[in-house]
Every structure is written in C-alpha cells, then in structure tokens.
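Open the model in your viewer and show it as a cartoon. The tour moves from the whole fold to single contacts.

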Amino acid sequence: MKLTAISSSLFLSSISVVAAHNGHHDDLQMPLDYVKYPYQAVYHPGDNEVTADSIFSGITTFARLPWVKCLGREKDAAFDIAFIGAPFDTGTSYRPGARFGPAGIRAGSRRLTLYGGYNVPLAVNPFLSGLKIVDCGDIPVTPYDNNYAIKQIEEGHKELLQRTAFSPLGNDTSTGKPLVPISADGKHHPRIVTLGGDHTIVLPILRSIYSAYGAISVIHFDSHLDTWKPQVFGGAPSEQAAINHGTSYSSLQHGAIRTTLSGPADYTNDDASGFQRIEAREIDTIGTDGIIKKIRETVGDKPVYLSIDIDSIDPAFAPATGTPETGGWSTRELRTIIRGLDGLHIVSADIVEVAPAYDTNAELTTMAAADVLFEVLSVMAKTPLGKIAQED
Ligand SMILES: [Mn+2]
C-alpha cells in the first residue's frame, strides 16, 4: 500500500479500530482506583483502607498499572499489553547506566494517569480501552555474561509473547467481519513494551518477535545507525565484544539519524542491511508531517516493531542517555511523529538507552521516555493486531 498523503493514510487506518476492545471488564486492566479521585486523601485513622494511593506515593509501576509477576508465580496470567523491564547495560560503548532505565522510566511515568489518561490528539484513553494492560516487572538479566543475558532476554520476552492475548480480536468496525490474527503462526499474541536497557536488547527481542510474526518491518528511532560492523567499535577481540549496543539491527526504517560516522562506508553497510534513513535535520525541511509520510511509505501496512532510542530526542530534552548527540528532535516532535503511526499494526515496542544517573533532578529524560510510551500505548490501543480473513 503506497499512500500519497499522510492525512489519507490516517483516515484509512482509523477505520479498522476494533469493537472487541469494548465491553470487557476486569479490574486488573485499569490503573489503580486513585484515577477517579487523584487528590483524595485515602487514609483515615480507623478505616479499613490504609493504603496511601496518590501518584506521588506507593509502589511505582509503569503508569501505576497493576504489577503482575508474569515470569514467576503468575506465569499463566493473560494480558493484552505488558510492560517489562530489561535492565541490561553491559553492551554500552560510552556512558553505562541503562540498567537503571526500567526503574527510572517507571518513576517518570507516575503522572501519566493523574487526570485519567485520555489522549486528546488520538482521542483514546488506552487505560480505559477495555484492554488488559499490566506491568510484569523486569526480566532477570545477569550483568556478568552478555551472551547469557541475551539468552535470558530472548526467553523472558518469548515467555510473555507466546501467551494468548487476554481479549478476543472481535470484528472489524466498518465491515462487521471477524478479524483473524496477523501473526505468522496464526495465534493472537499480546503486545510487549520493553523498558531498556541499552540497545543490545533489541537483538534478542527481534528473535522473539520473529518466532511469532516471521519477518516484519522495524521502525528504529535513533541518532545512531546501530548497523555498524563490530570493527567500528575497536574491533571484536572476542565473540563477546561483537555483541554490543551499536550492532544489533538487520532491517528497515531509521529516524532521527545524526551521528558522525567512521566514514561513508557506514552508510553503504546500512544500505546493505536494508534500511531507509531519515536524518534528524530533515525535520527543518519536511517537518513532522513529511517524516511521518516517509515512514509510512516505507512500512506500508506490514506489521511493525518499533524501537525507540531515547537519544533520538535532543540532549536538551533528554540528557540522560548512553551516547548523547546534539541536533536532535524535541520531545514534542518525537511524540507527534509517533502519533503519526496511528493505524499501523505495532506488534511490540521498546524504549532504550535511558540512563537515569545523567538526568536532571527534574526527571526530564525519564518523563520524556514515559510520555513517548504513552503515545505508543495509545496507538496500540486503537488498532487491534487483526485483519479481515481473505475469502477464496
Ligand atoms: Mn543511539
């Protein structure tokens, strides 16, 4: 599907928003009750209710979603969208610290549901869309052995992805016809949003995604290519050193690129990997609309995996990252571009390279990461991973 104008593609894609997302009720699928009365003091001495529950208190999960021990005691728990941390940073080439990314992003996400969580430009409240959305905590990851850690991440991710989604796909809203899964294995998989972690984690995640969907499109927002040959990182003195956060990709659309290179050959290698590039500076000439249009033309209507390096945002807005590059997009611009993916089948996503130790006390970076994921979650909530069955 090649679209000539972004406005028409947004219109077309909004048609298939699902009916099945309504009508489900399970109190696990919503953030905690404080959403209804964010300022109400819950604790009254003598009452049975003794849990302080406002956005600045209590135990922090992503957007204050229910914590489900999906990889432990509750390994049969079903959900539609799960947040999971991958606290791995032993693949970093510059500033380490992304192992604290999941905890930092959760802290930065506390305010997401303060006013209820309705996304005005996308006209959806993902938390009240009927989907069961949970925080599964973190995948246990060793900091001592990268090969083993990558295996842990792949298996942890697969463990979640290979469950059957909680809500049925339902019917297409425009035709009323039943939807069938878009996966290669015919199963209705839940979606996983991974909190990194350095960018190395995307390699095992894509292996997991491949097990369910086969070959898919990847949209990669990053100031860097991440298709570098290991030699660019000082050679690969061992098999271990060849696995790092700059060498994890093998397919499709980059956005926000602005890194320096070892030379033009890096682009030749990137081309050979099958990537289309959008340079960060293109925002000055074609704007966010032009960037959205380019991405959608490349991706078409294929299932998409979305990987967001926080360093696609300028360090003025998101300083706490492993390899900062000036000249990036603002938080507002990246959020606009992600909303422009409305209607795409985003099968899963991640945000990586958030290293909270380099943040300001105002939590600029972790808030930016959480808010960007709010846009991703909203886009996911609007479009089910289903298609109308082909009659033959
Ligand atoms: Mn990067």
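Colour by secondary structure: the protein has 8 helices and 10 strands. Keep in mind that this is a predicted model. Of its 392 residues, 52% are buried. Among contacts with a separation of 6 or more, 78% link residues 24 or more positions apart.

Now select the sheet. It is open and holds 8 strands, with parallel pairing, in the order β2-β1-β4-β9-β8-β5-β6-β7. On average, neighbouring strands are turned by 15° against each other, direction ignored.

Go to β5 (residues 217–221) and β8 (residues 304–309). These strands run parallel and are joined by 5 bridges. Pick Ser217: its bridge partner in β8 is Val304.

Then show α8. This helix lies across β1 (81–86), β4 (191–196), β8 and β9 (346–352). α8 runs at about 180° to β9.

Finish with α7 (residues 331–339) beside α8 (residues 364–382). How far apart are their axes, and at what angle do the helices pack? The axes are 9 Å apart and the angle is about 15°, which means α7 is roughly parallel to α8. The crossing is right-handed. Show side chains for Thr331, Leu334, Arg335, Ile338 and Arg339 of α7, and for Ala368, Asp371, Val372, Glu375, Val376 and Val379 of α8; these make the contact. They divide into 6 nonpolar, 1 polar and 4 charged residues.

Conventions:
Residues numbered from 1 in each chain as written. Predicted model: local features only at pLDDT ≥ 70, side-chain atom pairs only at ≥ 80, totals over all residues. Axes fitted to C-alpha atoms, helices over the stretch in contact; angles between N-to-C directions. Helix = DSSP H or I, 4+ residues; strand = E, 2+ residues; numbered from the N terminus. Parallel < 35°, antiparallel > 145°, perpendicular 65-115°, else oblique. Left-handed = near helix turned anticlockwise from the far one by under 90°. Contact = placed C-beta atoms within 7 Å. Nonpolar A, V, L, I, M, F, W, Y, C, P; charged D, E, K, R; others polar. Buried ≥ 20, exposed ≤ 12 C-beta atoms within 10 Å, placed from the backbone. Pairing = 2+ DSSP bridges.
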